Amino acid sequence: MAAPSAPTASPAPWLPVSSDLAWLSLGLLAMFVPTLFELFQNNDAGLWNKGEHSHGPIMLTLAMWLLVKRWREFTDKATSPMLGSWLAWPCYVVGAALYVSGRSLGIIYFEVGAFIPMLAGLVLMSGGLPLLNALKFPVFFCAFMVPLPGFMLDPISHFIKLNISIAVSNLLWALGYPISNTGVVLNIGPYQLLVADACAGMRTLFMLEAMGIFYLNVIKHSSWMRNLGLAMLIVPISFTANMIRVIVLTLITYHYGDEAGQGFLHGFAGIVLFASAMLLLMGIDRMLRWLSTRSERTA
């Protein structure tokens, strides 16, 4: 008689979820469906279809991917469901207050921001403080998807755009191009280009900052020198990437005309922005790794 086969090992399950918690999760998800629908509409309410807010879906996708990944890696099952439930309800109350006030008064920042305390409440109810501690970064990262009001960012955006306009004008003038700037307007040859928020404003810088923070969290360097160096350099890297995008758009307009600069190649310049920012970040990361390794060898 053949020996009974050994049972096959199953992958480590997620934390057990009660039926009440599952229904609550579905209810909260359904609550935010109208908000997501409005954000993607082709009207004034569809902020995620506008260039200055188009990073919202990217930030939400990255946050949810990292949350699921970290949740699957969570191994501390010694949770306190009762304590987690008690701590979850204040989060639900804050989230509900933000959502109701945002929905009734038309304040989209409150309505979208309500997702963060609601998500924290679900995490607390599922696994208590240990699980929230493990998932704190993806929960926090959801803040980058919230559209920011103009009155907070416009003054800073104008300062950034002005300095980028001056830097681009001086650089291209030194390279022999007939260019000057009047405030945030670049004059090159017969063309005038307005350095807008979507090209080099605070919202774009905010998006690149978020990508840099996400990169640091995912890579998880053990060297404090690399982490500190990259954290300090995120701002100048973002500023340089914005400069590169404006330079690309300016040269495209000068050599190929205004239609090329405002058409397909304008969208392509957005890809250049992301690519240049990530290449700068990874290039500096490699340099810092080399410096860190060298200092450890000489120590």
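Trainee: How many of the 20 residues of α5 are buried?

Mentor: Buried means under 20% relative accessible area, exposed means over 50%, and partly exposed lies in between, with a 1.4 Å probe and protein chains only. In α5, 15 of the 20 residues are buried, so that helix is mostly covered. This is a predicted model, in which local features need pLDDT of at least 70 and side-chain atom pairs count only at pLDDT 80 or more, while totals for chains, interfaces and linings use all residues. Residues are numbered from 1 along each chain as its sequence is written, and side-chain values use heavy atoms, with hydrogens and water left out.

Trainee: How far apart are the end C-alpha atoms of α5?

Mentor: Helices are DSSP runs of H or I with at least four residues, strands are runs of E with at least two, and both are numbered from the N terminus. The expected span of a helix is 1.5 Å times one less than its number of residues. For α5 a straight helix would reach 28 Å, but the end C-alpha atoms are only 18 Å apart.

Trainee: Where does α5 bend?

Mentor: The bend at a residue is the angle between axes fitted to the seven residues ending there and the seven starting there. In α5 that angle is about 125° at Gly127, and Pro130 follows within four residues.

Trainee: What span should the 25 residues of helix α7 have?

Mentor: Helix α7 (residues 150-174) should span 36 Å, and its end C-alpha atoms are 35 Å apart, which agrees. The bend in α7 is about 25°, at Ile156. Buried residues in α7 include Leu153, Ile160, Ile164 and Leu172, along with the polar Ser157 and the charged Lys161. Just after α7, Gly176 has a positive phi of about 100°.

Trainee: Which residues have the most contacts inside the largest nonpolar core?

Mentor: In soluble globular proteins, nonpolar side chains tend to be buried together. A nonpolar core is a set of buried Ala, Val, Leu, Ile, Met, Phe, Trp, Tyr and Cys residues joined through side-chain atoms within 4.5 Å. Here the largest one has 46 residues, and Met59, Tyr92, Phe115, Val139, Phe141 and Met145 have the most contacts inside it. At least two residues of this core come from each of α1, α2 (56-73), α3 (81-105), α4 (108-113), α5 (115-134), α6 (136-141) and α9 (202-219). The most are given by α5, with ten residues.

Trainee: How far apart are Gly95 and Phe115 in space?

Mentor: Their C-alpha atoms are 6.7 Å apart, although 20 residues separate the two in sequence. Gly95 is in helix α3 and counts as buried because its relative accessibility is 0%. A second pair of this kind is Arg226 and Asp285, which are 59 residues apart in sequence and 7.0 Å apart, C-alpha to C-alpha. Arg226 belongs to helix α10 (residues 224-256) and is buried, with a relative accessible area of 10%.

Trainee: How many salt bridges does the count come to?

Mentor: Side chains of opposite charge can pair when their charged atoms come close. The rule for a salt bridge is a side-chain nitrogen of Lys or Arg within 4 Å of a carboxyl oxygen of Asp or Glu, and the count comes to three. In one of them, the closest N and O atoms of Glu38 and Arg103 are 3.2 Å apart. That pair links distant parts of the chain, with Glu38 in helix α1 and Arg103 in helix α3, 65 residues apart. Arg103 also meets Glu111 in a salt bridge, at 2.6 Å from N to O.

Trainee: Which residue forms a salt bridge with Glu73?

Mentor: The partner of Glu73 is Lys69, with the closest N and O atoms 2.8 Å apart. The two are separated by about one helical turn, because they are four residues apart in helix α2. Glu73 is partly exposed at 44% relative accessibility, and Lys69 is partly exposed at 35%.

Trainee: Which residues make the nonpolar surface patch of about 390 Å²?

Mentor: Patches are made of residues with over 30% relative accessible area and no salt bridge, with like charges joined within 9 Å and nonpolar side chains (Val, Leu, Ile, Met, Phe, Trp, Tyr) within 5 Å. Accessible areas come from the Shrake-Rupley method with a 1.4 Å probe, and for residues only the protein chains shown count as cover. The patch consists of Trp23, Leu26 and Leu29. Trp23 lies in helix α1 (residues 19-39) and is exposed, with a relative accessible area of 64%.
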